[in-house]
Structure formats: C-alpha cells, structure tokens
Amino acid sequence: MSIEIEHLNYIYGDETAMAVKALDDVTLTIPDGQFLGIIGHTGSGKSTLMQHLNGLLKGSSGRILFDGQDIYEKGYQLKDLRRQVGLVFQYPEHQLFEIDVFSDVCFGPKNLGLPKEEIEERAKRALESVGLSEDYYHQSPFDLSGGQKRRVAIAGVLAMEPKVLILDEPTAGLDPQGREEILTLIKKLQTESHMTILLVSHSMEDVAEYVDRILVMNRGRIFLDGTPKEVFAHYKELEEVGLACPQVTYVMHDLKEAGFTVDVDATTVEEAKRSILQALSLA
Amino acid sequence: MIRDITLGQYYQTESLIHRLDPRVKLAGTLIYVITLFFYKNFVGYALAIFFLATVIRLSKVPFKFMVRGMKSILFLLMITVLFNLFLTPGTPVFTLWKLSITKEGTSLAVSMALRLSLLVIGSSLMTLTTTPNNLTDGMEKGLGFLKIFKVPVHEVAMMMSIALRFIPILLEETDKIMKAQMARGADFESGKLIARAKAMVPLLVPLFISAFRRANDLAMAMEARCYRGGEGRTKMKPLKYRGRDYIAYLILFLFMFGSIWLGRLTLPMLMVG
C-alpha cells in the first residue's frame, strides 16, 4: 500500500510556553514495497513521524493518505489502519507480558478478533519467520536472551500480518551478530513477503546496505531524500547536522584525494573492496 | 496523552519565599495549619487570610495555581458545607420541608469552608515554592533529632526523593508501553469494567518489570558509588539558616501567638457556631 504524507505538522505541548515543533511541513510519498531508512539524530522528529503513520499521534495540520484514503477523515477506522501498519517500538521486548512466547505472539491477532485456528496459524508463521523454533513456544519470554526477546516482540507485530512494517531502532543494544540477524530478517520480509518497510535509525552504517532509499530528518524537516548513494554524496552537509556517513565513504573520498581513481559512491565494504582492487590493478 | 497529567507541583520562579530554607517553610506550614484550628471568631480567619495573601504575593506564584489545588477537594468541601448547614441544631432562619438552616449552622459552615480552603491553599503553597529535593532535605535535617529514637530519618528521606524522581519516568514508560500495545491492537478505552481491568494486564506487567529493573539498576549504581546509608554522609549543599530565615521564624511566631490570641477573644456577632 502506498503512503502519501502532505504538509504534515506536529507541535508538542501546543498552546503552552514549551511548544516544540516536532514535525515541520513534511511531504513525502512512499511507494508500495519500498524499503525506506529514516535517519536523524535524537530529537529530529523521526520517531514522531513514525507514530503518525500508525495513527497514535495526530498531526496539528496536514494530511496522511493510505492508498489514497485520508486517515484524518471522519469515519476512518484507525483500528483498520493499525491492522495494516505494524509498528515495532524501540526496545520492543519491553512490551512482552504473557506467560509464554506463543501466547504473547497471539496477543496481536487476538485483538483483531480472528478465530482461534487462524490466530495460532499466524503466530506459528510469525515465529517461524523470525527464526524461533517450536522449542521456544512454551518458554517464558523473560527467560530468553536479549536478541531472542526482540525477535519474539517483532513476531508479535508480524502476527498481525501488516502490509507496512515500521521499526524504530530495531538493532539498538544488540551485539553485531544479533544486529545482522535482525536486519537480514527485515530485508527478507521486504523481498519475500513484499512488505513496505520503514526503518528508523541513527546509524547510516546500519541502513546503507539494506535500504532502497534514505530520508534524513533534521529539526522536524526533511533534510535529504534519495538513494543511499545520492544521500552520501552530501557527506559534508550530513556532518553539519551531526550525522556521519558509513566509514567507507570517508575512506573512498580520502583515496580519491590522494590520487586513486576509485568510485566515491561505494556505500558498502564489498563495493569499496571491488573499487579499490580495480583501481590498484589499473595503476 | 498521559504526559499531560501535571503531578510535579513545583512552580519555578525567583522569589523570597522560594529562597527560604525548606525547614522554615515546613515549620511555617505546620504552625499555620495548627493555628487554623484554634480560632473561635472570624477575626482570626481574617488574619489568616491576610497572612496567606501576603505570602502568596511574595512568592510570585500566580493565584490560579493555588485554585487548581482546590479542585481536588471541591467535592469534600461541598459535603462539609451542606452537612453543617442543614444538620446543626439552633435557631432556624430558613426551613425547607424537614430540613432547616440555622443561624449557628450558617456560621459553622462558613468557618469550615474557610478552614478547609485555607488549609489546602496554605500547604500547596509549600510544595509550589519548594523543589521536592529541597523538601526532603529539609525533612531530613529538620527531623534529624528523631534519630535518637532509632527512626531511620535519612533512609526515609532518600526513599521519598527517589520516589518523587521516578514519577515522571514511570509516566513516560506507561505512555510508551500503552502505545506499543495499542499498535498491537490493544484497546484501553472501551468496554465494561471487567473488560477494562483485564485490558490493563498488558500494560501493568511490563510496567512492573521495568520498574523493578530500574530499581535494580539504581541500587547497583548507588552501591558502585559507595552509598551505604546516611552514616557519615556529607552534603554538597548543606542547609544553612541565613538572616532572612530567622526573620521568617520571628514573623511566624508573632503570627501564631497574635492570631490565636485575637482569634479566641469573645466578640459578639463574630463568633463561630
């Protein structure tokens, strides 16, 4: 499902002395099936934007259209929206509460009012897609490791079978291996289940390898928007707003300055390697 | 959403009352509350109103903040007034079916209403002008003499300041978990009483777990910095009386004796009850 955001504004603490403009005239179109990375440092409005897409926050002005339908229109069912837009918050394992893994994953589909067989079917599918075998079904979620807990929590959202999946810093606090696992899982959801994915993060390194498009937020505004290569070309400006490009971007620029004919657009280590080897063999 | 609830009642500004030692304010509030119960005529109340008005003026806290505190006791206030108005025996001035308003009842109702409002406004003035940390500091030092009776004054004060500090954090946490469960289709707003109580489980379980986790982390962090109770512990900003604090004490005692003496005089027409 495509998402269109038109001139969205949001002000925290409206009508008080401490009013903060968290979103400032955000206009954005996200086509169906895209993997979009939203980058910005703390307080840039990325998490606020994310909560708007699920109807948890309502914009002070502007419109949000899902498949052409205005979600602020009278009579629009926010419950339907939440069924289609899955939201995984930061540290999602903090929302686990059931006595075992399986019933926790069932919580979402149960709230949708589905029949029992369907609920269990969905829970099984969701747990399978996050790579948790049946051995875990009847364990307490609190006995699992951090990475496993997070996967259970993500499965809890996946079990609602949303068309759009939004994740807020899904790799925060995980070790490199756990990070890799989660990001690969998310990429798989896009390619195999054809979900539209929005990944909120403050680490360029994390998203560069996986996303189709990067949106950089700064002070509630869209600062840059484009493919990773396009965005990283502005690496000087990114530094000014307190963000950093992947380290390979810097290495490639330095090499170019030193007189090597390398491709400065390389965003992943693999691409950089190829480009450097090529430059060396030419020399 | 839930963050809109205002719980911290401190009003930040620069004033003489804000600068007073918290012990003076604690003692002052106590003295003020006690004197309110000694008055037998309305002259005493007039003095108390004048005293309170002067302090409010000095504190630079807008009056509407005081009235906000009154909202919570409005119901109690109305019941008190109605009961006193109708159920006090004496000379009736107005009769409605079996109920009659008496002269004694009217004056008792008025004095009760005055006493309650003055009590609430007076004590909310203390929290409005003193930061929670200062307040617990003041309590710890002011009640320090209780240590002789083996009362763990420092520990109680520390618990209070930690509890106060955690209120906004837990509110934020509640907001977060609520949103996360709502994103999973949880419904906290509709349904009958039992359905609603059941809907709280997905909110309360994670909240308790996070509260325990935070408490654990805090205890560890405190121990890592060698906290071992109040014994021999020094303060970064020890409380110290200054000239203005002694003057404030003097004014307080003058008010206490003066208003009790005047408030207990037998004055015809101005007596309570």
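Biologist: What percentage of the contacts in chain B with a separation of 6 or more is accounted for by residues 24 or more positions apart?

Modeller: Two residues are in contact if their C-beta atoms, placed from the backbone, lie within 7 Å. In chain B, residues 24 or more positions apart make up 78% of the contacts with a separation of 6 or more. Please note that this is a predicted model, in which local features need pLDDT of at least 70 and side-chain atom pairs count only at pLDDT 80 or more, while totals for chains, interfaces and linings use all residues. Residues are numbered from 1 along each chain as its sequence is written, and chains are lettered from A in the order in which they are written.

Biologist: How many helices and strands are there in chain B?

Modeller: Helices (H or I, at least four residues) and strands (E, at least two) are DSSP runs, numbered from the N terminus. Chain B has 11 helices and 2 strands, in the order α-α-α-α-α-β-β-α-α-α-α-α-α.

Biologist: How do helix 5 and helix 6 of chain B cross?

Modeller: Axes are lines fitted to C-alpha atoms over the stretch in contact, with angles from 0 to 180 degrees between N-to-C directions. The axes of helix 5 (residues 74-87) and helix 6 (residues 103-129) of chain B come within 7 Å and cross at roughly 160°. These two helices of chain B are therefore roughly antiparallel, a label for angles over 145 degrees. Among the residues making the contact are B:Leu77 and B:Val81 of helix 5 and B:Leu108 and B:Met112 of helix 6.

Biologist: Which elements give two or more residues to the side of chain A that touches chain B?

Modeller: In total, 18 residues of chain A are in contact with 15 residues of chain B. The elements in question are helix 3 (101-111) and helix 5 (146-158) of chain A; helix 3 gives the most, with 3 residues.

Biologist: What is the phi of A:Glu161, and where does B:Cys226 lie?

Modeller: Most residues other than glycine have a negative phi. A:Glu161, not a glycine, has a positive phi of about 50°. B:Cys226 also has a positive phi, near 65°, and lies in the loop between helix 10 (201-224) and helix 11 (243-263) of chain B.

Biologist: Are these residues buried or exposed?

Modeller: A residue is buried with 20 or more other C-beta atoms within 10 Å of its own, exposed with 12 or fewer, and partly exposed in between. A:Glu161 has 18 such neighbours, so A:Glu161 is partly exposed; B:Cys226 has 7 and is exposed.

Technical notes
Angles under 35 degrees count as roughly parallel, over 145 as roughly antiparallel, 65 to 115 as roughly perpendicular and the rest as oblique.
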